[in-house]
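Okay, thanks for coming, everyone.

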Amino acid sequence: MSDRIFGALMLLLAATYSWTARGFDPGFMSDPLGPSTFPYLLGAVLAITAIYLLLRPDDSPHWPPAKILLKMVLVIAVLLAYAGLLEWLGFIIATLLTVTVLGRQLGASIKTAVLTGIGVSLVVFGLFDILLELPLPSGLLGRIM
Amino acid sequence: METLGYLMQGFEVALNPLNLGLALLGAFLGTIIGALPGLGPSNGVAILIPLAFSLRLPPATALIMLTSVYYGAMYGGRISSILLNIPGDEPALMTTLDGYPMAKQGKAGEALAISAVSSFVGGLIATFGLLLFAPLLAKFALFFGPAEYFVLFVLAFTTIGGISSKNQFKSLLAASIGLMISTIGLDPATGEPRYTLNQMELFEGVNFLVAIVGLFAISEILFFLEDSHAGTTVKVTVNKFKLKWKELFALTWTTLRSSVIGFVAGVLPGAGASLGSFLSYTIEKRLVDHDGTFGTGDPRGVAAPEAGNNAAAGGALVPMLTLGVPGSGTTAVLLAMLMSMNITPGPLLFQQHPDVVWGLIAALFIGNFMLLILNLPLVGFFAKLLMVPSHVLMPIVAIVGLIGIYSISHSAFDLFVMIAFGVGGWLLRKLDVPLVPIILGILLGQLMEDNLRRALNISNGDWTVLWRSPLCIGLWVMAITGLVLPFFLGKFFRVKQRETEGDVPD
């Protein structure tokens, strides 16, 4: 069943992708193929493989239960927050928080998670910013100090 | 002989103290990455590419370091295969067959030492093979025109799934997704924006490093979340071992035969290291297993696949360097590494960047020696790394991955895209859709389209140009064979592989 849904989505993607290619302006003095032909070919290959999945799906994989899915959503949210807030919070604070939450979600005790968070943020900062001279954002701490 | 002269120049590059130091560091880091649970060679190299890029290392230096990581990771992966019966990547599967029984008999030290020595021999022989065959193939490839290149890329995509591919349609589907991603951005020929959704950030296209780190590293974290068993730390010990020279010499022929088989398997398109270790184990079993000891802890059963897969890893560099067409996941990642330094592998590489090619080949020789020197005394230390719990390891992987990408562009947008790739990668892996064709598609897409358009430009829009030359026809035949063969052979290989325990990702 999973393969069928996936196949249907991919078929939709193939259609949208090819439909979009229709509008590309070949310009004048262009090569005989122009910017649309290669996308058409790709759309066709994707469509064929997607139709195969619709007709001959493999067995569905074992999807994780809701509790674990929730955990994964949380982790993805934390990673997105890290990406968005890295510059404002600064590397050390953002990393400390993120590693602590990730560690907790992966089954560490609060103490281990916090210690890992402190350790990772300081060691990686030392390694990158100081040793390798790749500047990391200093953020909040930089503004305070 | 001109090759020898080039090689000497290569050694000059590789033996400069900085490069030598980075080769040692790379081999060390690589072994750690390989030994850590859940980080295969592809993941390890993928996470480190952005760093090599941001540090603005000269191409030859970066290449030397990252190939040492690759070699190191291959070796490190053996530690968990032998001690825990958990292969770190697919090629390591065959090593578990005799390695784990040896470990259970209290001979883990011997098994690891045999693996180190036979890997060394396999790698060394493959490097000699690379030295001999790569320049020949590069000369031959100079006859390739745009049409030939286009068909060559088709060949790469139809064979990347490998001989044991479960579902060729899924591998093709993955390839087309990858190629589609490569079309995002301004069309280089006309300047027309394609699939950019009017986002400025997408005008330059999706950075393949962002895609690779997301697909490999972030999806790996999600997999760990899925089956994280808190508190299941493993205890591993390695016995003090005494390896007698006589025992090693008894393995000479097994190792040599397996190295040659592995090298040939590695050069073939789409075969790679998995086939190398599989073939060398099976053939060796046929040849020397008179008492039925293979599978019960026979040292030859460790030496054969280890020599085989390391030789295959070297062999896989031949098509990667000369044609720009990688045959396996890790060589695809190595290709990404070259391209991140603005070096496009292919026949011209040997003319335009001889320092890179020959420096690399010399580095392979040196890396091999370093690994042997590093591994025999330090194996106990590396084995301890198996005990690093995933709740410490995975956050580190996440942070190093994110920071690596951040240091390239300093853009939050790239990080969001990377996380999106991670989620997508997890979904696709759950659905058994291989990720390597996607990477390959992103890497080769522009070249593929460019060659197609140039071929058709020369022929004035006549499509028959794609199958006019004998070379093209030959490539088409290989491509179609590669596409169809797994339908017949796949079942056979999978049954053989399933004889071992465990489910292997990647």
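So, which residues of α19(B) are buried? They're Asp414(B), Leu415(B), Val417(B), Met418(B), Ile419(B), Phe421(B), Gly422(B), Gly425(B), Trp426(B) and Leu428(B). Keep in mind that this is a predicted model.

And what do those buried residues pack against? In chain B it's α9 (208–226) and α18 (390–409), and from chain A there's α3 (66–89). The helix itself, α19(B), covers residues 412–430, so to speak, 19 residues, and its first and last C-alpha are 27 Å apart, close to the 27 Å you'd expect. Just past its end, Asp432(B) has a positive phi, about 65 degrees.

Now hop over to chain A and look at α2(A), residues 37–55. Here we have 19 residues reaching 27 Å, close to the expected 27 Å. What covers them?

Chain A puts in 53 residues and chain B puts in 51. On the chain B side, α8, α9, α18, α19 and α20 each supply at least two residues. Which one gives the most? That's α18(B), with 13 residues. And if you sort the chain B side by residue type, you get 30 nonpolar, 13 polar and eight charged.

Definitions and conventions: Residues are numbered from 1 along each chain as its sequence is written. Chains are lettered from A and ligands numbered from 1 in the order in which they are written. This is a predicted model: local features need pLDDT of at least 70, side-chain atom pairs count only at pLDDT 80 or more; totals for chains, interfaces and linings use all residues. Helices (H or I, at least four residues) and strands (E, at least two) are DSSP runs, numbered from the N terminus. The expected span of a helix is 1.5 Å times one less than its number of residues. A residue is buried if 20 or more other C-beta atoms lie within 10 Å of its own, exposed if 12 or fewer, and partly exposed in between; C-beta atoms are placed from the backbone. Two residues are in contact if their C-beta atoms, placed from the backbone, lie within 7 Å. Ala, Val, Leu, Ile, Met, Phe, Trp, Tyr, Cys and Pro count as nonpolar, Asp, Glu, Lys and Arg as charged, and the others, Gly among them, as polar.
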